[in-house]
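Dear colleague,

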Amino acid sequence: MNFEIYTKLSYGVYVITSSLNEKMYGCVANCAMQITDQPSTIAISMNHNNETHKAISESGYFAINVLQENIDPSFIGVFGFSSSKDKDKFKDFEYEMKDHVPVLKQTLGYLTLKVINTMETPTHTVFLGEVIDGDVFHSSTPMTYKYYHEVIKGKSPKNAPTHIVDENVSTKEQWVCSICGYVYDGEIPFEQLPDDYKCPLCLQPKEVFEKR
Ligand SMILES: Cc1cc2nc3c(=O)[nH]c(=O)nc-3n(C[C@H](O)[C@H](O)[C@H](O)COP(=O)(O)O)c2cc1C
């Protein structure tokens, strides 16, 4: 098997949101695809351990918020590398409730969906949603998963469904964020960065970086 073939599949980058008992949930997902247009139906793949999975299963509604290339990277840090369990992920972001779910207003736009079917795998549930509504907030370029990896230098945590090809293997010594896996590649040597330097992706302090 040539695992490189996995890197030839194309995806976007989204924040999937939902709500349950007046609490809001959300996580980053790259796995979302339109299945048919009559009626408009989209599938997402959600890890069983994600809190957002519980909210979608029990409420039956979710939104797909489309991220753009120039989105504030803290969206990915907050929604992709922390759990909704003991955190209000929405407190620093603008949102409004649409069709029972929060939609994030700083993203490129959204679709709201009602779950009409599910399919199980050992790790992930595929939620099939029928589109209720959608809108575009900003005219900018949608972020692809390739852009996320190659330009933002983002990594995928273990709950992402996509295969990771040697992402963490490097022959040279690197400073790596222990929270999100971001690899520092700035011109200033890492040790000389100011004490208040933060990971540009997950916004954690300099101390969480490890030399690997
Ligand atoms: C780039 C990226 C892509 C991801 N794709 C998915 C995905 O498609 N499905 C999934 O279940 N988790 C995915 N994740 C992982 C979740 O976003 C992550 O586990 C999150 O912390 C779950 O939050 P929650 O427990 O509040 O739901 C992805 C994360 C990143 C950073």
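Predicted model: local features only at pLDDT ≥ 70, side-chain atom pairs only at ≥ 80, totals over all residues.

E22 sits in the loop that joins β1 (14–20) and β2 (23–29); strands here are DSSP runs of E, at least two residues long, and helices are runs of H or I, at least four residues long, both numbered from the N terminus. The phi angle of E22 is near 65°, a positive value in a residue that is not glycine. E22 counts as exposed because its relative accessibility is 82% (exposed is over 50%, buried under 20%, and partly exposed in between, with a 1.4 Å probe and protein chains only).

Residues are numbered from 1 along each chain as its sequence is written, and side-chain values use heavy atoms, with hydrogens and water left out.

Two further backbone features deserve mention. L203 also has a positive phi, of about 65°, although it is not a glycine. L203 is located in the loop between β10 (175–177) and β11 (209–211), and its relative accessible area of 39% makes it partly exposed. In the loop between β3 (32–37) and β4 (40–47) lies P39, and the peptide bond leading from Q38 to P39 is cis, with omega near 0°.

Regarding the overall arrangement, the chain is divided into domain 1 (10–149) and domain 2 (168–212); these bounds come from an automatic or database domain assignment. Their C-alpha centres lie 28 Å apart. Six residues from domain 1 and six residues from domain 2 take part in the contact, where contact means heavy atoms within 4.5 Å.

The largest nonpolar core has 29 residues, of which Y148, L201 and F209 touch the most other members. Such a core is a set of buried Ala, Val, Leu, Ile, Met, Phe, Trp, Tyr and Cys residues joined through side-chain atoms within 4.5 Å. At least two residues of this core come from each of α2 (74–80) and α3 (145–150), and α2 gives the largest share, four residues. Domain 1 (10–149) and domain 2 (168–212) both contribute to this core, so it lies between them.

Y148 belongs to helix α3 and is buried, at a relative accessible area of 5%. Leaving aside residues up to four places away in sequence, Y148 touches V13, I76, F81, M143, K153, G154, K155 and L201. A second, separate core of 15 residues includes Y14, I16, M46 and L108.

The ligand is surrounded by 27 residues, the closest being V28, N30, N47, T52 and S84; a residue is near the ligand if one of its heavy atoms lies within 4 Å of it.

- A backbone N or O atom of V28 is 2.8 Å from a ligand oxygen atom.
- A polar backbone atom of S45 lies 2.9 Å from a ligand nitrogen atom.
- A polar backbone atom of S82 lies 2.9 Å from a ligand oxygen atom.

Taken alone, the ligand exposes 650 Å², and the protein buries 96% of that; these areas come from the Shrake-Rupley method with a 1.4 Å probe.

With kind regards

Key
Polar contact = N/O pair within 3.5 Å; in protein donor to acceptor, adjacent residues only side chain to side chain.
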